[in-house]
Amino acid sequence: MKHVRRMLFSLILISNMLLCGCWNYHDIEKYSLVLGFAIDRNEQENSYLLTAEVLDFEMSGKEAKPTSKLIESKGNSVFDAIRNMLKLTEKRLYWGHADTVIFSQDIAKEGIIPVLDLIFRDAEMREEMHVVISKEKTAKELLEQQTMISTLRSTEIDRILNSQGSLAKAPVVEAYELINELEGEGISAALPAMGIATNAGKKTVELMGTALFKSDKLIGFIDSEETKYFLFVINKVNRGLLIQNESPENQMNKITLEIFKTKTKTKPEYYDGKVVMDIDIKTEVAIAEMETSMDYIKDVNRSKLKKDAEASLKSSVKNIIKKIQDNYDTDIFGFGMLVSANMPSLWDSIGPDWDHLFKKLDVNVNVDISIRNSALVSKSIRKESIRKEN
Amino acid sequence: MEREIISTKQGTFMMVIFVIGSSIVLGSSVEAKQDIWIAIVVALFMSLPMLFVYSKLLTSFPGKNLYYILEEVFGKVAGKIISLLYVWYSFHLGALVLRNFSEFVQVISLPETPQTIIIIFLGLVCLWAAKAGIEIIGRWTAFIFPVGWFVLLITIPLSMSKMHLINIKPVLHNDLKPVLSSAFSFFTFPFAETVIFTTVFNTLRNKKKTFKVYLSGTVVGGAIILLLSVRNILVLGVHITTDLYFPSYMAVRTLSIGDFIQRTEITVATFYTIGVFIKASVCLYAASKGVAKILNIEKSSQIVAPIGFLMMNLACIVYSSTMEMFDWINTYKYYAIPFQIIIPVITLIIAKIKFYVKN
Amino acid sequence: MMIIIPICSIIFLLFIIFDLAPRFIEKQWKVFWFYTVLISFSFVIHILVVLDFKLPSPAVPIKRLVSYIFGLQG
């Protein structure tokens with residue numbers, strides 16, 4: 001009797017532990033996975049238009065092929081729009097797997113914080129979602145375009161952003177980092193921008209540089225090439241290419257250097273009432289492609305290439321900083337944050353005036369490039385006549 | 001009186017889990033901002049004298065728990081009244097811990113489940129453990145702890161690539177006052193909450209090691225809290241950490257290595273469940289010991305169940321919203337002062353005077 | 001939501017049968033009465049909580065008392 005009693009008792013207690021999670025259980029068949037979504041704003045109606053890309057399966061023969069469907073819905077707030085989707089679909093949508101969110105330019109110009117709040121607050125949505133700004137008129141257009149390789153539009157956008165590690169042409173920002181940048185002092189947000197391009201007859205989505213923000217409002221774009229140098233400043237370049245002309249006179253023959261390792265150290269300095277940023281870029285590259293016949297085993301040529309590359313990287317970095325200072329006046333480099341972290345007492349006095357100071361901030365750029373190797377080949381392919389000269 | 005015995009190791013592990021129990025998820029004090037690690041270190045040093053007081057109390061009366069000591073020192077009536085205060089404190093603390101857990105579960109994963117259900121089902125398990133006695137809790141702790149801390153700490157090196165050192169700068173720029181105020185919060189929650197163990201550690205096998213158990217338990221627990229807090233700040237940055245209710249959960253949530261180590265935040269939730277379980281069980285055990293002592297009931301395990309049910313009730317009604325719960329933390333640090341500092345110190349002083357007079 | 005009431009009742013009933021009844025049989029009256037009073041009180045509160053009665057939280061008077069003693073604001 002006692003034995004049975006104990007068994008019964010522990011059975012009830014154990015099942016208690018296991019069953020309390022089943023209170024609001026959901027069958028997976030009753031859910032559809034959202035892969036990504038786009039948010040537009042309707043000015044006249046003062047409402048949001050939400051377009052979600054939902055995973056779907058297409059039976060072809062015996063195999064199920066993943067495809068996707070778009071669902072649109074309107075609402076007075078973003079969450080209202082999400083719930084309004086229940087008017088359209090039999091299934092509830094599950095947002096925990098969404099990895100891309102696209103904002104339209106209108107929303108970005110008005111301010112992204114109201115829209116971002118839901119992503120941050122909602123328990124289902126994940127904070128490491130990628131945030132993208134649409135360069136087109138609306139955000140939903142991007143989801144409507146054809147895909148290149150994958151069949152899922154949002155997933156492809158997500159993969160494109162993830163592979164920026166070896167291209168360095170867009171800042172990859174996850175939602176929580178974005179919130180930190182928006183809330184932080186002395187730093188402005190910069191997000192990847194995407195637009196529609198025609199590729200081999202298909203209309204598809206392409207990365208088109210960076211969208212610049214001041215506080216939470218979009219104020220402009222820079223293109224992919226400039227983005228690369230911007231990424232150099234904020235030390236987010238992982239791999240990527242540097243294209244170098246053989247000489248200023250000869251623009252035709254280019255040398256491509258592949259970055260293997262690069263590190264940027266930015267330090268604020270304070271000399272007689274002026275803040276100067278010291279940017280130290282240390283890069284290790286390898287020669288990846290050559291259109292010239294130069295022999296880089298020779299010391300002289302190698303150091304010339306090194307010097308040229310350093311000079312051009314330096315001027316590009318300086319140009320982009322200058323451009324941002326002159327045209328946009330927004331501290332996307334986080335220089336202000338560096339000052340406040342390293343010289344807190346100075347920041348207390350100059351912080352409120354930072355917008356003004358940033359515009360006239362002096363920047364020292366030091367570049368150190370070391371050429372590690374030249375891949376498999378020691379010399380490039382040469383015509384016979386040139387070979388004889390050497 | 002039933003005799004229960006726990007080993008030094010079990011005692012230490014219990015203490016560690018008790019200390020990190022609810023603090024690993026709650027972003028308890030946000031005033032210190034990036035200097036939170038200084039606040040924790042200061043709080044640890046602040047708690048050292050109190051730990052000494054607690055263990056001195058226990059070693060002065062070997063084999064007796066706090067309730068017995070109170071009656072011995074203050075006499076029968078006054079002793080019982082003060083004992084009742086401690087019963088209330090541990091009872092209330094247990095209820096708060098249960099409520100924190102149910103809020104956590106509701107906010108992060110089950111928004112539509114009524115909290116009553118979560119509280120009842122975790123509460124029943126705690127009730128079971130407390131009924132089984134401190135020996136069982138101790139043995140269970142010794143079994144789960146080695147797994148638990150590994151799972152908890154492995155997330156720190158894994159999130160290394162997402163850390164930014166700049167988040168912790170500038171050091172000590174915003175005045176010392178918020179840091180001290182934060183340190184005081186950390187002192188009352190969780191370090192000095194170990195006052196509850198004065199009702200438990202009379203069961204330690206080696207009475208001489210009481211202070212050692214107190215010290216190592218709190219220091220190890222404190223070190224883990226320190227590591228996790230610094231991790232949160234480094235990964236998420238100051239602004240997000242202070243905005244969030246449960247920063248640890250979020251910091252682990254951002255972790256993803258390749259495509260295969262991700263969504264590991266469940267480890268935090270699991271460890272939190274373990275912590276809450278231990279903490280609430282120990283509180284319930286302490287409360288029922290006290291009631292048994294006051295009413296002269298021989299077996300405290302016989303009255304665990306009704307007290308446990310009452311504790312679940314209190315957990316259900318104590319707050320009406322999550323916001324209220326986080327607001328309470330500001331009150332708690334003052335509310336806890338008499339239980340954690342004033343009464344133990346006075347008791348020890350009077351006890352010492354009595355000893356002195358006797359000899 | 002209402003399903004909680006039968007669940008709770010079963011749990012309480014089990015405790016009464018397996019935990020409280022032996023006290024009655026063993027004639028431990030002090031424990032028995034203490035147990036009975038407390039568990040019936042808990043049961044009533046449980047039902048009230050489930051039925052969404054607004055019960056006063058002890059946290060509020062404590063908070064007021066603490067702020068009064070320490071002179072806190074708010």
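The exercises below concern salt bridges in a predicted model.

Local features here require pLDDT of at least 70 and side-chain atom pairs count only at pLDDT 80 or more, while totals for chains, interfaces and linings use all residues. Residues are numbered from 1 along each chain as its sequence is written, chains are lettered from A in the order in which they are written, and side-chain values use heavy atoms, with hydrogens and water left out.

**Exercise 1.** Locate the partners of the salt bridge between K214(A) and D329(A), and state how accessible each one is.

*Solution.* Begin with the criterion, which asks for a side-chain nitrogen of Lys or Arg within 4 Å of a carboxyl oxygen of Asp or Glu; the closest N and O atoms of K214(A) and D329(A) are 3.6 Å apart. Next, place the residues: K214(A) lies in strand 8 (residues 202-214) of chain A, whereas D329(A) sits in the loop between helix 9 (299-328) and helix 10 (335-342), so that the pair links parts of the chain 115 residues apart (helices, H or I, of at least four residues and strands, E, of at least two are DSSP runs numbered from the N terminus). Finally, K214(A) is partly exposed at 27% relative accessibility, and D329(A) is buried at 15% (buried is under 20% relative accessible area, exposed over 50%, partly exposed in between, with a 1.4 Å probe and protein chains only).

**Exercise 2.** Describe how R99(B) and E103(B) are separated along their helix.

*Solution.* Their side chains meet in a salt bridge at 3.1 Å, N to O. Both belong to helix 4 (residues 76-108) of chain B and, because they are 4 residues apart, about one helical turn separates them. R99(B) is buried at 5% relative accessibility, as is E103(B) at 1%.
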